Amino acid sequence: MDPTVQRRLIEEVANVVIDHADELTTLDQAIGDGDHGLNMKRGATAILERLDDVAAKPLPDALKMAGQTLVMKVGGASGPLYGTLLMTLGKELPNGPNQDDLVRAMGAAIEAVKKIGRSDVGQKTMLDVLGPVHEELALRGPELLDRVRKRGAQAADATVPMKAIKGRASFLGERSIGHMDPGARSASLMIAAICGVMEE
Ligand code: ADP
Ligand code: MG
């Protein structure tokens, strides 16, 4: 992968998280413990602090390093979960991935998240964005990036009427209904940022 593009990807994903930290915190205040914005911001900042290092590595190593940083630096469920997602992508992707590579690697990364989260799609978590986005990515055809971004945003919206079955929000039972899942929102934001860079 072109090192300049890789650097832009890291920067844009980290910055969108940092820019939306307050929104993510507000969402987590409604159905969790109000730290999702802070957790994500801490992880993004830690990755930006190592930007020169991470950007210079081949894509698989860069993803592994970013994932390890999240696992080490982020408390809360989201650190190990997003960390596992990135580390698995790093393990599965070749340096210059094509669409098939991406679909396969993302499938493996989602499976890894499900395994450590003991969770699945349909439980009002980040998986309810990652799963549909993976599905959309696997479809061929024109305007793929636009469709992936829209699917991510719609999938995050679709967590509003869901009842949480995993994570802290599940402690609220029925009262988790009517709020967007914070992790679903952060996933959709990061996916939109990736699509934006790839479109350029
Ligand atoms: P914590 O829940 O420990 O406070 P965060 O607030 O940073 O951690 O992250 C919460 C988000 O993590 C949730 O909105 C949800 O999307 C995701 N999440 C929590 N538990 C799981 C799980 N077991 N599987 C998948 N995603 C989960
Ligand atoms: Mg939280």
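**Figure 1. The loop between α8 and α9 in the predicted model, with E143 in view.** Residue E143 lies in the loop that separates α8 from α9, the latter helix covering residues 144-157. The phi angle of E143 is positive, at about 55°, although this residue is not a glycine. E143 is exposed, and its relative accessible area is 61%; the threshold for calling a residue exposed is over 50%.

**Figure 2. The loop between α7 and α8, with R118 in view.** Helix α7 spans residues 99-117 and helix α8 spans residues 127-138; R118 is placed in the loop between them. R118, which is not a glycine, has a positive phi of about 45°. The side of the model on which this residue lies may be judged from its relative accessible area of 70%, by which R118 is exposed.

**Figure 3. The largest nonpolar core of the protein chain.** This core comprises 49 residues. Within the core, Y82, V129 and L130 touch the most other members. The helix that gives the most to the core is α10, formed by residues 182-199, with a contribution of seven residues. In soluble globular proteins, nonpolar side chains tend to be buried together.

**Figure 4. The surroundings of Y82.** Neighbours within four places in sequence are left aside in this view. The residues in contact with Y82 are then H36, M40, L70, M126, G183, S186, A187 and M190. Y82 is also one of the three residues that touch the most other members of the largest nonpolar core, together with V129 and L130.

Figure 5. The C-alpha trace spans about 45 × 40 × 30 Å along its principal axes. For 200 residues, a compact globule would have a radius of gyration near 16 Å, and the value of 16 Å for the protein chain agrees with this. Of the contacts between residues at least 6 apart in sequence, 64% join residues at least 24 apart.

**Figure 6. Surface and charges of the protein chain.** The accessible surface amounts to about 9600 Å², and carbon and sulfur atoms account for 55% of this area. Buried residues represent 48% of the 200 residues in the chain.

Note on methods. Residues numbered from 1 in each chain as written. Chains lettered and ligands numbered in written order. Predicted model: local features only at pLDDT ≥ 70, side-chain atom pairs only at ≥ 80, totals over all residues. Heavy atoms only, no water. Rg over C-alpha atoms; globule rule 2.2 N^0.38 Å. Buried < 20%, exposed > 50% of the residue type's maximum accessible area, 1.4 Å probe, protein only. Contact = heavy atoms within 4.5 Å. Areas by Shrake-Rupley, 256 points an atom, 1.4 Å probe, with all protein chains shown as cover. Lys, Arg positive; Asp, Glu negative; His and termini not counted. Charge placed at Lys NZ, Arg CZ, Asp CG, Glu CD. Core = buried A, V, L, I, M, F, W, Y, C linked by side-chain atoms within 4.5 Å. Helix = DSSP H or I, 4+ residues; strand = E, 2+ residues; numbered from the N terminus.
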